[in-house]
Amino acid sequence: MSERRKNVVIIGAGLGGLFTGAILAKEGFEVTVLEKNATIGGGLQSFRRFGETFDTGMHVVGGMRPGGNIWRVCRYLGIEDKARLMDVDDDCTDRLFFAEDRRSYTLAQGRKGFVESLVRQFPHEREGLERYVDAVLRIADNTDLFNLRPSVSGPSLFASSPDFLMAATDFITQFTDDPKLQAVLAYMNPLYGGRPGQTPAYVHAIISTLYIEGASRFVGGSSHFADLLAEVISSHGGNVFTGDGVEWIEVKDRHVEHVRTVKGRVYTANHYISDIHPCTLLQLMDEKAFPKAYRERLNSIPNAHSAFSLFIKLKPGTFPYINHSEYYMTRYADVWNFSRTDRPWPLGFLFMTPPEERSLCCNSNAATKALVTAPMPFEMVARWADTTPGHRGPDYEAWKDNCAAALLRQLEDLHPGFSSCIEAVNAASPLTIRDYYGAKDGTICGFSKDCRNIALSHLPVVTKIDNLLLTGQNNNLHGFCGVPLTAITTCEALLGTNYVINKINACPTV
C-alpha cells in the first residue's frame, strides 16, 4: 500500500462483507460498510419474536473448534475467544430419519466415529465407507485455501485431485452400490443445494469434512458474531452504517466513481467491494457498466434452492433440548430432488433446538424454541414475486399456513406429540429471504455450482470494473466456512498473493 491510507467501500454487511471489512481494516484500510437493513449480518442476523431470539441462517457452523480453519481466521482477527459457541455431541453430530422405512441413522464425529456409526446400519459396507471417508478428507486436504496454505497461484478452492470436479453423485457411487447408503451419504444436500449429476464433488467433500471434524452452534443467537466482526472494523477506524443501502453505483470507463445511498449520501473510495448477490448488483448501475456478455453470464447462472422456515416457541418444560441436528427425509430416492418442482413438497427438513444461555446456565434439559427449515424452489412463490412484505394478500397468508401445517405433520412423524409442545409459530418463505438478504430467487446457497460447466458457475472476485471486487457466497463456496475463505481471496486481490494467509499462519494456534 502507498503511504496514504487507502479506503474501501463495502456494499452489504453480510458475513462476507464483514469478514472482508475486518481483514482490510486490520491491515490498514479505511473501511466503510453500507447495509440496507436495520441489522447487520446477512445470514448471521437474528430477530426477536414471542420473547425469543431466533437465528435466520447460520444455525450450525464448522471450522470453529480450536485449530479449525475459520477459528484460525478469527484468532488472526482477535475474536476467537469471544464467539459464544457450543459444540454438538461428538457421538451424534447429526441424526437422519427416513419416513419411507422409518429408519434412523446416527452419525458420529471423526473418521472412525463416522465409519463405525454407519457400519452398525450397513455391516457389509465397511471397506467402502472407509474408502469414502478417506477420499472426502483427501479432497479437503488437497485444497490449499481450505487449509489456509500459501499457494503460488493465489487463494483458490480448486485442486488437482481427479475427484475434485467429478459430480458428487458419481463420487459417492464409487464406494457403494447400496442406494440407501448413497442417500445417507448425501444427506447434507439441503445445506448446499445438491443436484444430481451437477454438484461438484469438492462442494460435497469440503462441507462433509467440516461436519466429520466436528460442528458447533451459536449460543443465544448468531448476531453477536456479526457484532464481533463489526467491532474489529470500528476498532481500526472503520464504520458500519445500517438502514441506508446503496441505490446507485456511478461507473465511468469501467471505473466506479462513487456510490449513492437511499438517503442520498455519496461515498467515494479507492476500491469498492460488493457483498450482495451479483444479479442484484447489476441493477444498481447503468447496463453499460459491464460488458453485455458479462451481464448475460451472471443472469444465466442458476441459483440454488430457497427455503421455508418455521420459528417455534415451545411451552416451558415440554420438549427436551437436543444437542445435534435432525434431518427428516421422505424417500431415499428424493435426497437429490430438493430443487425440483415436480415432487410433492416438503421432501424433508432440518430440525434443531438452538442452545440458549439461560437454559444452559440453569442446567435445564428443556428446549425453549425450535427451528424447522425445509428446502423450497422459488417457483412455489413466483405468483407473489411482485409483492412486498406485509402486502402479499390473504391468499399468500393462507398458502403459508398450509405449508406450515404440512411441515408440522411431518414433524409429528419425527417427534410424536410435538404439536402439544408448541406455544407459537412464525413462518418465513423464500420471499422473506429474497427481500431481506437481497438474494436472487431467495437462494440460500448462492449460485448453483455445476461440474459440467464449472467456468460458468465459478465467479472470480475480480470484475470487469477495475476498482470493483466481489465477496460472499456466490464466489467459491457458500456457508460459514466458504464465505470467510472467499473474503481472504478478495482481500488478497488488494494486498497481494498469500499476504493474509501468511498473516494468519504467523498467529500461534495454541
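Let me start with a cluster: ring pairs join Phe308, Trp345, Trp384, Tyr396 and Trp399. Keep in mind that this is a predicted model.

One of the pairs is Trp384 with Tyr396. These two rings are edge-to-face, with 5.2 Å from centre to centre and 70° between the planes. Trp384 belongs to the loop between β18 (369–376) and α13 (394–414), while Tyr396 is in helix α13 itself, twelve residues apart. Are these two buried or exposed? Trp384 has 3% relative accessibility, so it counts as buried. Tyr396 also comes out at 3% and is therefore buried; the cut-off for that is under 20%.

Overall, the count is 28 aromatic pairs, taking ring centres within 6.5 Å. Another one to look at is Phe98 with Tyr332. Their ring centres are 4.0 Å apart and the planes make an angle of 5°, so this pair is stacked. Where do the two residues sit? Phe98 is in strand β7, residues 94–98, and Tyr332 is in the loop between β16 (325–329) and β17 (348–352), so the pair ties together parts 234 residues apart in sequence. Phe98 and Tyr332 are both buried.

Lys26 places its charged end over the ring of Tyr76, at 5.3 Å from the ring centre. Arg103 does likewise with Phe122, where the charged end is 5.7 Å from the centre of the ring.

Now the helices. In general, a packed pair is described by the angle and the distance between the two axes. For helix α1 (residues 15–26) and helix α9 (residues 223–235), the axes come within 8 Å and cross at roughly 30°. Angles under 35 degrees count as roughly parallel, so α1 and α9 are roughly parallel to each other. The crossing of α1 past α9 is left-handed. Which residues make the contact? From α1 they are Leu15, Leu18, Phe19, Gly21, Ala22 and Ala25. From α9 they are Phe225, Ala226, Leu229, Val232 and Ile233.

Last, the glycine. Gly264 lies in the loop between β12 (256–261) and β13 (266–267). Its relative accessible area is 45%, so Gly264 is partly exposed. The C-alpha atom of Gly264 is 8.8 Å from that of Glu247, a residue 17 positions away along the chain.

That's what I have; I'm happy to go back to any of these on the screen.

Notes
Residues are numbered from 1 along each chain as its sequence is written. This is a predicted model: local features need pLDDT of at least 70, side-chain atom pairs count only at pLDDT 80 or more; totals for chains, interfaces and linings use all residues. Side-chain values use heavy atoms; hydrogens and water are left out. Rings of Phe, Tyr and Trp (its six-membered ring) pair if their centres lie within 6.5 Å; planes under 30 degrees apart count as stacked, over 60 as edge-to-face and the rest as tilted. Helices (H or I, at least four residues) and strands (E, at least two) are DSSP runs, numbered from the N terminus. Buried means under 20% relative accessible area, exposed over 50%, partly exposed in between (1.4 Å probe, protein chains only). A charge sits over a ring if NZ of Lys or CZ of Arg is within 6 Å of the ring centre and within 35 degrees of the ring normal. Axes are lines fitted to C-alpha atoms, for helices over the stretch in contact, and angles run from 0 to 180 degrees between N-to-C directions. Angles under 35 degrees count as roughly parallel, over 145 as roughly antiparallel, 65 to 115 as roughly perpendicular and the rest as oblique. A crossing is left-handed if the near helix is turned anticlockwise from the far one by less than a right angle, and right-handed if clockwise. Contact means heavy atoms within 4.5 Å.
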